[in-house]
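Please look over the structure below.

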Amino acid sequence: MSIEENITIEDVLKNVKFDLEFKKEALIRGAYAVAEKAHLGQKRKSGKDDYIQHPLHAALTLAKIGLGSKTIAAGLLHDVPEDTYVTSKELEYKFGKEIATMVDGVTKLGKIKLRGSKEDVYLENLRKMFLAMASDIRVVLIKLADRLHNMETLEYLPPEKQHRIALETMEVFVPIANRLGIGEIKVRLEDLSFKYLDLENYTLTEKLVTAQYGQRKKYIDKMVIELKKELTKEGINVLNIFGRTKHVHSLYQKLKRHDMDIKKIYDLIGIRIIVPELANCYETLGIVHKKYRPLVGRIKDYISLPKPNGYQSIHTTIFGPEGIFLEVQIRTKKMDDEAEFGIASHWIYSEKKRKLKNFFLKSKHAVPDKELVWVNQLREWQNELGKDDAEFMEGLKIDFFKNHIFAFTPLGDIIDLPEDATPIDFAYHVHGEVGNRATGAKANGKMVTLDHKIQNGEVIEILTSRDHKNPSRDWLKFVRTSLAKSQIKKYLKKEGLL
Ligand code: MN
């Protein structure tokens, strides 16, 4: 379906991956009715599309990646409280707390913006803050679907806005989609951002892809038929086999590493084979290698050694007929869904429960499959933060940043603080002198007291005295960080006040 095309709620319903029971269909249709009425008369930036097309496209993406009826309903409603007369309270009254909370979460995330700094530490903190504030992974998925449609319709915005949004997408949303393992959304966001950030190289690379794939199309089609015949003859139940090409941005990255020489790229085109069981993957690999000679050192077994984001597949590069190299990817249907839909795919597989893995033997309760997937994909961060497995038992909640508050300086730097931190903590974390000379503070432009509890995402401005230092013994009563405490004490001691 082309992105320009206007869609209806029927397209969303047709694409759901679950059993469309009456109650679930009624929920989605109900959410659509409210969103449509609320956005009535509003247009998208293009001026021609009705605004409702935007939440419909977001909901369609959510349906396609396998999310449930509540998330799809929240996707349809995601811009309602922010942009229409219908309030969050009314949504809660109509659809319940769970959906209203998801919608509020999306609204809140919309306020986080990429500001000046492009340093790695800043970007990493911004991504963490994004996830911390979402608190429910489904909110992040709605935000990604929202961003995808905004990127697909970016041409209607003025150039400077295009650049800012594309940069934010590349630096914040693409890494998040990648960490959550949602390849399908990741590559689309990545290629779209690339196009707006570097049109020249995008066009150049895209031409290469099209030309190469065009040239090789007949060849690939023939290979697909031959391989399928061979595999079937050997008793493999091939669920799907098709030609694929590398995505624009990833090809460009690779070209840059290989002197822009397209001949050095072996996985530009390839074939993907989907089989039912894990054992079939290795059988298939054997059959492929028997028919076509593998390129030494190019066999990658991501099944026994998955990528950090959970990606599983076997990759091998073979010498095809006429001496042409091509990459063959072999995986099960489940691995394929997980690669495309990542964390979202666990909704599709949630009925299938699995026994406890060794990983969880300490835990007393059985863990459904969906949580195992979720846990696997977050293990990376878990390690980073040194938290216990037990803390992940709550399933969908993003708990590991629970006790963190992220606040901005007026210049856009992010200060990472513990919960209930105050402007004085903030000031000392910016610089010792800023703390010592603090006289007042503003949060989001409004004056606040020095013991104000900073909220996630607030911009904190510290007012300072140029002439004298002000640390007061009273500050010790409310500061939360040891850094602030020790700096205040140090000053008081020096002045003989402590
Ligand atoms: Mn939106």
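Helices (H or I, at least four residues) and strands (E, at least two) are DSSP runs, numbered from the N terminus. By that count, the chain has 20 helices and 10 strands. This is a predicted model: local features need pLDDT of at least 70, side-chain atom pairs count only at pLDDT 80 or more, and totals for chains, interfaces and linings use all residues. Residues are numbered from 1 along each chain as its sequence is written, and side-chain values use heavy atoms, with hydrogens and water left out.

**The chain as a whole**

The chain has 498 residues, and 51% of them are buried. Buried means under 20% relative accessible area, exposed over 50%, and partly exposed in between (1.4 Å probe, protein chains only). Contact means heavy atoms within 4.5 Å. Take the contacts between residues at least 6 apart in sequence: 65% of these join residues at least 24 apart.

**The manganese site**

Which residues hold the protein donors of the manganese ion? They are His54 (NE2), His78 (NE2), Asp79 (OD) and Asp146 (OD), at 2.2 to 2.3 Å from the ion. Donors are N, O and S atoms within 2.8 Å of the metal (3.2 Å for Na, K and Ca); water is not among the atoms, so sites may look incomplete. Along the sequence, the donor residues follow the spacing H-x23-H-D-x66-D. His78 and Asp79 are both buried.

Axes are lines fitted to C-alpha atoms, for helices over the stretch in contact, and angles run from 0 to 180 degrees between N-to-C directions.

| Pair | Crossing angle | Axis distance |
|---|---|---|
| α3 (residues 53–64) and α4 (residues 69–76) | roughly 160° | within 8 Å |
| α3 and α9 (residues 137–152) | about 125° | 8 Å |

The angle in the α3 and α4 pair makes α3 roughly antiparallel to α4. Angles under 35 degrees count as roughly parallel, over 145 as roughly antiparallel, 65 to 115 as roughly perpendicular and the rest as oblique. At this contact, Pro55, Leu56, Ala59, Leu62 and Ala63 of α3 meet Thr71, Ile72, Gly75 and Leu76 of α4. These residues divide into 7 nonpolar, 2 polar and no charged. Here Ala, Val, Leu, Ile, Met, Phe, Trp, Tyr, Cys and Pro count as nonpolar, Asp, Glu, Lys and Arg as charged, and the others, Gly among them, as polar.

With α9, the angle makes α3 oblique. Residues of α3 in this contact include His54, which is also a manganese donor. On the α9 side, Asp146 is one of the contact residues. This contact has 6 nonpolar, 6 polar and 1 charged residue.
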